[in-house]
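Dear colleague,

Please find the structure below, handed over for your study. The notes that follow it set out what was found.

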Amino acid sequence: MNHLNAAGEHQPSGGLTAQVFLAYAAEDGPKAARYGSVSPAATPAAATINALSQLLSEAQVAYWECPQPWPKAVDPESAISRAAESCDNYLLVITPRSLADALCLQGLLFAISMHKRIVPVLAETVPANRLPEPLQTLEAIDLRASQPPLAQTDEGRQLLQTLHHQANHYQTHTQLLVKALHWERQRRDPALLLQGKELAAYQRWLAEANRRSQPQPIQLQTLYVTESNRHWGDRGNVVTQGGGWLKRWLE
């Protein structure tokens with residue numbers, strides 16, 4: 001499924017991940033019906049968001065998008081955090097309103113703390129001194145003059161190229177993060193530890209990630225892999241010792 005919501009029927013849970021979290025201010029949200037045709041935009045940013053949704057869908061890039069309005073049964077802050085942790089890229093549509101939107105900024109800070117790739121997209125002119133410090137060092141993709149369909153523009157192709165660059169590495173980062181967070185939230189249940197080929201694969205990824213500049217693993221990911229290795233290593237030692245005792249007894 002290419003289009004997933006950050007809340008509701010397809011809420012991020014159970015290890016479900018997406019390549020992109022498309023984040024924007026509620027005031028900029030397009031008025032088009034979800035999964036339907038694009039309707040006239042209420043703001044210039046809404047047209048950009050519609051164009052981004054179309055671009056991601058056509059490129060078969062799975063993405064989270066916040067529902068508007070939020071369902072009453074959903075806590076927006078919790079849903080934003082879960083969506084940010086279970087995506088590979090935090091794509092923020094920059095407007096004066098998104099920079100004043102508490103949920104957008106919360107998601108941005110959480111994504112940064114989880115070492116996600118941040119992809120800023122400029123939909124409206126914003127003074128440089130108004131940008132949050134983490135965004136000031138990142139090059140934004142400027143869509144202010146781009147017309148849909150974005151797939152036929154240099155900016156649209158640049159965005160897809162950014163998302164596809166080292167995509168497998170970022171995807172593995174997200175998958176390991178989701179597993180580690182689930183283990184932590186379940187009070188470090190040993191039954192949730194990695195083992196076998198899966199453990200070996202994440203050990204190789206961790207070794208490679210530590211040699212990269214980004215995304216660096218967070219401490220919890222390292223702890224999770226280390227604890228998995230220690231747990232199964234100890235079990236292996238017990239089995240080996242038991243087998244040696246049995247062999248000597250039979251002799």
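Ile80 is a residue of helix 2, which spans residues 76-85. Please bear in mind throughout that the model is predicted. Ile80 has a relative accessible area of 3%; because a residue under 20% counts as buried, Ile80 is classed as buried. Ile80 and Ala23 stand 57 residues apart along the chain, and their C-alpha atoms are separated by 9.2 Å.

**The chain as a whole**

The protein chain contains 8 helices and 6 strands. Their order along the sequence is β-β-α-β-α-β-α-β-α-β-α-α-α-α. The chain has 251 residues, of which 44% count as buried. Among the contacts with a separation of 6 or more, 71% are between residues 24 or more positions apart. The accessible surface amounts to about 13,400 Å², and carbon and sulfur atoms account for 51% of that surface.

**The nonpolar cores**

The largest nonpolar core has 25 residues, and those that touch the most other members are Phe21, Tyr90, Leu92, Ile94 and Leu135. At least two residues of this core come from each of strand 2, helix 2, strand 4, helix 3 (102-113) and strand 5. Apart from this core lies another, of 22 residues, which includes Leu52, Leu56, Leu150 and Leu159.

Which residues does Tyr90 touch, not counting residues up to four places away in sequence? They are Phe21, Ala23, Leu103, Cys104, Gly107, Leu108, Ala111, Arg117, Ile118 and Val119.

**Helix 5**

Helix 5 covers residues 154-164, and its buried residues are Gly156, Leu159, Leu160 and Leu163. These residues lie on the same side of helix 5, because they cover an arc of only 95 degrees around the axis. The face turned away from that buried side carries Asp154 and Gln161, which are exposed.

What covers the buried residues of helix 5? The cover includes strand 2 (18-23), helix 1 (44-58), strand 4 (87-94), strand 5 (117-122), strand 6 (141-142) and helix 6 (167-185). After helix 5 comes Gln166, which has a positive phi, near 55 degrees.

**The largest pocket**

The largest pocket has a volume of about 490 Å³. It is lined by 20 residues, and the closest to its centre are Arg117, Ile118, Leu138, Tyr170 and Gln214. Strand 5 and helix 5 each contribute at least two residues to the lining. Strand 5 gives the most, with 4 residues.

**Glu124**

Finally, where is Glu124 found? Glu124 sits in the loop between strand 5 and helix 4 (133-136). Is Glu124 buried or exposed? Its relative accessible area is 15%, and because the limit for a buried residue is under 20%, Glu124 counts as buried. Leaving aside neighbours within four places in sequence, Glu124 is in contact with Pro44, Ala45, Ile94, Thr95, Pro96, Arg97 and Arg144. One of these, Ile94, is also among the residues that touch the most other members of the largest nonpolar core.

With kind regards

Methods:
Residues are numbered from 1 along each chain as its sequence is written. This is a predicted model: local features need pLDDT of at least 70, side-chain atom pairs count only at pLDDT 80 or more; totals for chains, interfaces and linings use all residues. Side-chain values use heavy atoms; hydrogens and water are left out. Buried means under 20% relative accessible area, exposed over 50%, partly exposed in between (1.4 Å probe, protein chains only). Contact means heavy atoms within 4.5 Å. Accessible areas come from the Shrake-Rupley method with a 1.4 Å probe; for residues, only the protein chains shown count as cover. The arc is that of the directions from the helix axis to the C-beta atoms. A nonpolar core is a set of buried Ala, Val, Leu, Ile, Met, Phe, Trp, Tyr and Cys residues joined through side-chain atoms within 4.5 Å. On a 1 Å grid over the protein atoms alone, a cavity is a set of points where a 1.4 Å probe fits but cannot get out, and a pocket is an open set with protein on both sides within 12 Å along at least five of seven lines; lining residues have an atom within 4 Å of a point. Grid points are joined across faces, edges and corners, and a volume is the space filled by probe spheres set on the points.
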